[in-house]
Amino acid sequence: MKKKNSAKAIKDLTLMLMYLTRIQDSNEFCRFREMSWKGYDFGVLEELAGKGLVYQPESNRGYNGYLYLTETGRTKAIELLEAYNILDKDLNERFKFRNILQEEAEQAALIEQICFPPNEACSESMMKERIARAPELFLAAVDKSTGKIAGFLNGLSTNEHFFRDEFFTDAELHEPEGANVMLLGLDVLPEYRGQGLAKEIMHRYLRRESEKGRKVVILTCLKSKVGMYEKLGFQNRGKARSSWGGEQWYEMSCTLND
């Protein structure tokens with residue numbers, strides 16, 4: 001890599017650090033979802049903002065104590081990490097993130113059986129139907145060393161606004177141009193957990209669907225998982241209408257575009 005002067009290196013390193021320490025914001029009124037707390041040189045932040053790499057919210061008392069990575073800033077940060085050879089090896093180097101393939105339906109069904117109890121898991125036939133009808137609503141993380149799926153997130157798009165159990169069982173409810181997405185399952189195999197993979201899959205999924213112009217992403221979860229999804233940018237709507245698997249679920253939503 002070509003040597004850079006200290007001023008340029010500071011800007012690069014600042015952007016990379018923002019990316020590496022980012023968290024998912026739950027502010028439904030901001031289209032930039034990934035937030036980082038300030039603590040960097042003000043001049044550098046002004047330059048990054050001027051280039052459209054970060055967005056700095058401003059209140060009546062001046063700039064707030066946090067900022068957001070824009071889509072351009074996030075892409076640039078990943079490019080810089082690669083160039084500086086400090087890419088997050090556990091995620092971006094180990095895994096390839098892509099749509100699921102039709103021939104991976106049985107593999108996905110098996111992962112679902114491992115990740116969920118029998119009363120909650122999607123059946124093999126239903127998984128195959130979902131993948132046949134809406135492969136673009138899947139996002140798979142593939143372990144590059146094995147070529148196998150380590151985890152995935154899947155859903156159906158719709159113009160409906162509330163989750164109902166029929167989304168789990170009827171893939172024909174999928175509306176390709178639907179404004180909203182009903183998430184049906186976030187699956188990560190046990191041996192890949194605790195590495196931030198689920199968070200990365202969700203971040204990528206939300207960004208992808210936001211760029212498609214989707215309005216809201218909706219899911220249901222058990223009470224014990226509400227806090228986890230709030231950290232991923234979802235808001236708790238309270239008890240869901242769903243009674244899937246005989247459980248009490250909570251409906252969570254994440255606004256992508258107004």
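## Close-up views of a predicted model

**View 1. Helix α8 gives the most to the lining of the second largest pocket, with four residues.** In this predicted model, the second largest pocket holds about 150 Å³ of space. Its lining is made up of Arg74, Phe97, Arg98, Leu139, Arg204, Arg207, Arg208 and Glu211, and at least two of the lining residues come from each of β7 (95–98) and α8. Sorted by kind, the residues of this lining are two nonpolar and six charged, with no polar residue.

**View 2. The largest pocket has a volume of about 760 Å³.** Of the 36 residues that line the largest pocket, Phe116, Leu186, Lys225, Met228 and Tyr229 are the closest to its centre. Two or more lining residues are given by each of α5 (105–115), β10 (180–188), α8 (197–211), β11 (216–221) and α9 (226–231), and the largest share, six residues, comes from β10. When the lining of the largest pocket is divided by kind, there are 23 nonpolar, six polar and seven charged residues.

**View 3. Phe95 and Tyr192 form one of the nine aromatic pairs that the structure holds.** A pair of aromatic rings is described by the distance of the centres and the angle of the planes. For Phe95 and Tyr192, the centres lie 5.7 Å apart and the planes are at 70 degrees to each other, and the pair counts as edge-to-face because this angle is over 60 degrees. The pair links distant parts of the chain, since Phe95 belongs to strand β7 while Tyr192 sits in the loop between β10 and α8, 97 residues apart. Are the two residues buried or exposed? Phe95 has a relative accessibility of 2% and therefore counts as buried, and Tyr192, at 11%, also counts as buried because its value is under 20%.

**View 4. One aromatic cluster is formed by Trp37, Tyr55, Tyr66 and Tyr68.**

**View 5. Arginine residues lie over the rings of Tyr19 and Tyr205.** Arg22 lies over the face of Tyr19, at 3.9 Å from the ring centre. In the other example, the charged end of Arg208 sits over the ring of Tyr205, 4.8 Å from the centre of that ring. Arg208 is also one of the residues that line the second largest pocket.

Terms used. Residues are numbered from 1 along each chain as its sequence is written. This is a predicted model: local features need pLDDT of at least 70, side-chain atom pairs count only at pLDDT 80 or more; totals for chains, interfaces and linings use all residues. Side-chain values use heavy atoms; hydrogens and water are left out. On a 1 Å grid over the protein atoms alone, a cavity is a set of points where a 1.4 Å probe fits but cannot get out, and a pocket is an open set with protein on both sides within 12 Å along at least five of seven lines; lining residues have an atom within 4 Å of a point. Grid points are joined across faces, edges and corners, and a volume is the space filled by probe spheres set on the points. Ala, Val, Leu, Ile, Met, Phe, Trp, Tyr, Cys and Pro count as nonpolar, Asp, Glu, Lys and Arg as charged, and the others, Gly among them, as polar. Rings of Phe, Tyr and Trp (its six-membered ring) pair if their centres lie within 6.5 Å; planes under 30 degrees apart count as stacked, over 60 as edge-to-face and the rest as tilted. Buried means under 20% relative accessible area, exposed over 50%, partly exposed in between (1.4 Å probe, protein chains only). A charge sits over a ring if NZ of Lys or CZ of Arg is within 6 Å of the ring centre and within 35 degrees of the ring normal.
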